[in-house]
Amino acid sequence: MDAPHVGGPRAALGRAASLEVSPLPGGRSGIRARGEITVLTRPSWERALSELARRHVGVSYVELSDVAFVDVAGVTALAVTAMNLPEGRVVVENPPPQLPRVLELFWPGLDRIEVAA
């Protein structure tokens with residue numbers, strides 16, 4: 001019997017999911033992610049979000065144009081991080097299509113997250 005499917009679309013092709021997170025260039029406060037946010041990469045994602053929250057002042061940016069997939073738990077980690085900020089908001093730039101749908105489904109009207117295409 002085959003191993004159960006875990007991860008996003010690329011993981012289904014036999015490629016292990018990976019995630020790279022780095023600071024944003026140019027002095028903007030925030031992070032850039034590349035890869036997939038799944039059960040396999042969630043610990044890295046959650047560490048990056050914790051660091052983002054620790055350094056947060058006013059507005060933090062999360063650039064996701066190179067993220068192919070984010071699962072519901074990954075979106076949950078982002079939403080919880082934003083809700084726990086003492087002030088300000090998180091601007092999510094260029095997310096994969098499922099992220100805004102999940103936010104709207106589970107956290108409609110969450111004003112701590114702004115999604116920018």
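## Close-up views of a predicted model

**View 1. The exposed side of helix α1.** On one side of α1, the residues Arg47, Ser50, Arg54 and Arg55 are exposed. The model shown here and in the other views is predicted. Helix α1 covers residues 42-55, and its 14 residues should span 20 Å at 1.5 Å a residue. The C-alpha atoms at its ends are 20 Å apart, in agreement with that expectation.

**View 2. The buried face of helix α1.** Arg42, Trp45, Ala48, Leu49 and Leu52 are the buried residues of this helix. Viewed down the axis of α1, they fall within an arc of 125 degrees, so they line one face of the helix. The exposed residues Arg47, Ser50, Arg54 and Arg55 are on the other side. Packed against the buried residues of α1 are the strands β1 (19-23), β2 (30-37) and β3 (59-70), together with the helix α2 (72-83).

View 3. The buried residues here include Gly74, Val75, Ala77, Leu78, Ala79, Thr81 and Ala82. Among the elements that cover the buried residues of α2 are β2, α1, β3, β4 (89-93), α3 (98-106) and β5 (113-116).

**View 4. Strands β4 and β5 with helix α3.** The two strands pair in the parallel sense, over four bridges. Val90 stands opposite Ile113 in β5. Together, β4, α3 and β5 form a β-α-β unit that is right-handed.

How values were computed: Residues numbered from 1 in each chain as written. Predicted model: local features only at pLDDT ≥ 70, side-chain atom pairs only at ≥ 80, totals over all residues. Heavy atoms only, no water. Expected span 1.5 Å × (residues − 1). Buried < 20%, exposed > 50% of the residue type's maximum accessible area, 1.4 Å probe, protein only. Arc of directions from axis to C-beta. Contact = heavy atoms within 4.5 Å. Pairing = 2+ DSSP bridges. Right-handed = clockwise from strand over helix to strand, strands pointing away.
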